[in-house]
Amino acid sequence: MSQDTFANHIAGAWIAGGDATPNINPSDLNDTIGHYTQASAAQTAEAIEAAAAAFPKWRTTSPLVRFEALDRIGSEILARVDELGDMLAREEGKTLPEATAEAHRAGHLFKYFAAEAYRATGDAYQSLREGVTLDVRRDPIGVVGVITPWNFPLAIPAWKIAPALAYGNTVVFKPAELVPGSAWMLSDIIARAGLPEGVFNLVMGAGAEVGETIVNHPEVSGITFTGSTPVGRRIGAALFARGAKMQLEMGGKNPLIVLEDADLDLAVHCAIQGSFYSTGQRCTASSRLIVTDEIHDAFVDRLCAAMKTLSVGDARAPDTQIGPVASAAQLAINQQYAARAMADGATLAAGGGKISSNTPGHYFAPALFTEVQADAAVARDEIFGPIAAVLRVPDYEAALTAANDSDFGLSAGIVSQDQARIEHFMQHAEVGMIQVNLPTAGMDFHAPFTGRKGSSYGAPEKGSYCREFFTAARVVHAARGGR
Ligand code: NAD
């Protein structure tokens with residue numbers, strides 16, 4: 001058991017003291033990774049004030065300085081991907097290959113946004129009035145609050161913190177309570193990158209205390225949040241009330257459509273990868289498999305056979321394909337939804353239920369439900385576990401209607417060889433991201449990430465599109481040559 005205690009980073013200093021909560025390995029509940037200091041509301045306010053004090057100078061820093069700091073952070077992350085990946089797998093339960101790939105992505109996100117510091121340009125317009133110049137400039141917005149979920153504890157903070165800093169904002173970072181280890185290691189790397197005091201601050205702790213302090217503080221100009229839809233909507237209402245900016249990435253209930261002309265092996269691969277890898281704990285997971293009648297039985301048979309070969313176990317064991325569920329609370333949610341699906345008349349075709357492994361952990365066998373009704377909770381709610389619901393439909397038109405019949409609109413996939421239907425789907429699926437003959441999860445990190453309906457609100461994340469959130473336009477008209 002580790003006795004180490006990890007502190008918060010406020011105004012350029014590591015601040016110990018206060019309560020510290022244990023970080024427990026979900027693959028082995030006897031393994032305590034460390035203790036992580038919970039910031040108080042007063043310390044959170046200090047971090048915000050430090051970020052506000054650092055902003056005037058940081059916003060005018062040369063892009064070269066911002067490039068060098070972010071590039072240095074990216075280089076250290078990339079040099080330590082194995083160590084970071086090991087921490088991520090140990091505290092969150094993602095398998096080592098998944099966790100290491102995430103660390104790698106985080107490193108490259110810092111490199112990408114390092115270079116974005118050079119590209120923070122404005123626009124020159126020709127004025128409609130003679131003798132007048134017209135420029136649109138981009139200003140950083142000020143102190144940015146970064147509030148993140150537990151399922152991507154390196155990549156999501158990276159794709160929020162890096163652009164915030166690149167465009168000249170200062171940052172107060174609140175990671176999810178469940179996974180402070182990866183966040184702390186990332187923060188330690190950022191804190192040693194040569195940023196001026198107060199430009200970056202880490203405050204670990206509960207949403208109700210640390211999170212709400214950030215959301216409600218008048219010196220915080222905007223919040224970039226990723227998490228559940230109910231929490232995102234609550235935060236959004238508070239930010240709207242005080243006129244602050246927001247970028248909200250929230251839940252998903254992503255459909256994967258399998259049409260009768262699909263390559264069955266590919267369809268099964270997409271379903272296994274999209275529904276169950278990362279233990280189904282991805283906002284882009286395929287939790288609804290919408291399958292046309294003609295291929296339904298063959299698809300379900302082949303999928304069930306493939307599910308039997310999945311090895312569920314310790315996230316860091318070499319042969320594990322599906323790690324544990326991240327927490328006891330999430331395991332209980334999975335169990336409740338599995339029981340409710342049965343009560344609602346669905347058939348459990350494969351898996352389901354808590355299972356044991358070599359170590360005491362939150363292990364759950366990936367579950368497949370068939371004969372699911374469109375209004376059943378398992379078909380409508382985001383569960384955030386390795387549970388997929390198969391919806392049987394007569395044809396493509398019904399599949400599209402079922403896919404769009406959701407409060408969410410993040411990612412949607414289609415497996416088919418019919419180009420006309422694929423094109424139709426690309427145009428009519430009510431989502432932000434589409435995958436054709438690919439799993440619904442897995443996005444390129446330099447492209448925008450965005451959803452519709454209950455999944456997203458505000459400017460997209462990642463890529464150059466996120467500049468819309470991290471900067472504000474300033475339109476300058478000037479009479480040429482004075483008067
Ligand atoms: P969550 O909403 O419970 O928590 C997210 C973050 O918000 C945490 O840091 C939490 O402490 C904080 N928080 C909670 N209450 C708060 C409050 N009142 N004020 C301020 N902050 C508060 O989500 P989670 O369980 O950590 O993560 C899972 C959710 O995240 C799922 O819904 C998943 O779909 C979503 N997610 C979305 C994306 C995306 O890009 N769309 C990516 C990953 C995860």
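In the predicted model, the side chains of Thr 224 and Glu 461 are joined by a polar contact of 3.4 Å. A further polar contact, of 2.8 Å, links the side chain of Thr 224 to that of Lys 160. Thr 224 belongs to strand 11, which comprises residues 220–226. With a relative accessible area of 0%, Thr 224 falls under the 20% cut-off and is therefore classed as buried. Beyond residues up to four places away in sequence, Thr 224 touches Val 144, Gly 145, Val 146, Ile 147, Lys 160, Gln 247, Glu 461, Phe 469 and Phe 470. The C-alpha atom of Thr 224 is separated by 8.5 Å from that of Lys 245, a residue 21 positions away along the chain.

The two polar partners of Thr 224 named above, Lys 160 and Glu 461, also pair with each other in a salt bridge, in which the closest N and O atoms are 2.6 Å apart.

In total, 22 salt bridges are counted in the model. One of them is formed by the side chains of Arg 421 and Glu 260, with an N to O distance of 3.2 Å. Here too distant parts of the chain are linked: Arg 421 lies in helix 14 (residues 419–428) and Glu 260 in the loop between strand 13 (254–258) and helix 9 (264–276), 161 residues apart. Glu 260 has a relative accessible area of 25% and is partly exposed. Another salt bridge connects the side chains of Arg 380 and Asp 405 at 3.1 Å, N to O. These residues are 25 residues apart, with Arg 380 in helix 12 (residues 377–380) and Asp 405 in the loop between helix 13 (396–404) and strand 18 (408–409). Arg 380 is partly exposed at a relative accessible area of 27%, and Asp 405 is likewise partly exposed, at 36%.

The protein chain is divided into domain 1 (5–250 + 455–477) and domain 2 (255–436). Their C-alpha centres are 31 Å apart. Contact between the domains involves 25 residues of domain 1 and 27 residues of domain 2. About 2000 Å² is buried between them, and carbon and sulfur atoms give 55% of this area. On the side of domain 1, Ser 27, Trp 150 and Ser 455 lose the most area to domain 2, together accounting for 25% of what that side buries.

One salt bridge is counted between domain 1 and domain 2. The side chains of Arg 316 and Asp 86 meet in a salt bridge with an N to O distance of 3.0 Å. Across the interface of the two domains, 11 residue pairs are in polar contact. Helix 3 and helix 4 are the elements that give two or more residues to the side of domain 1 that touches domain 2. Of the elements on that side, helix 3 gives the most, with four residues.

Helix 3 comprises 12 residues (residues 81–92); at 1.5 Å a residue it should span 16 Å, which agrees with the 16 Å between its end C-alpha atoms. Within this helix, Val 81, Leu 84, Gly 85, Met 87, Leu 88, Ala 89, Glu 91 and Glu 92 are buried. An α-helix has 3.6 residues a turn, so residues three or four places apart point the same way. The buried residues of helix 3 are covered by elements including strand 4 (20–24), strand 5 (32–37), helix 2 (63–79), helix 4 (96–116) and helix 6 (180–191). Just after helix 3, Gly 93 adopts a positive phi of about 95 degrees.

Within helix 6 is Ser 182, a buried residue with a relative accessible area of 1%. The side chain of Ser 182 makes a polar contact of 2.5 Å with the side chain of Glu 91. Leaving aside residues up to four places away in sequence, Ser 182 touches Met 87, Leu 88, Glu 91, Pro 153 and Leu 154.

Key. Residues numbered from 1 in each chain as written. Predicted model: local features only at pLDDT ≥ 70, side-chain atom pairs only at ≥ 80, totals over all residues. Heavy atoms only, no water. Expected span 1.5 Å × (residues − 1). Buried < 20%, exposed > 50% of the residue type's maximum accessible area, 1.4 Å probe, protein only. Contact = heavy atoms within 4.5 Å. Polar contact = N/O pair within 3.5 Å; in protein donor to acceptor, adjacent residues only side chain to side chain. Domains from an automatic or database assignment. Buried area = accessible area lost by both parts, 1.4 Å probe. Salt bridge = Lys/Arg side-chain N within 4 Å of Asp/Glu carboxyl O.
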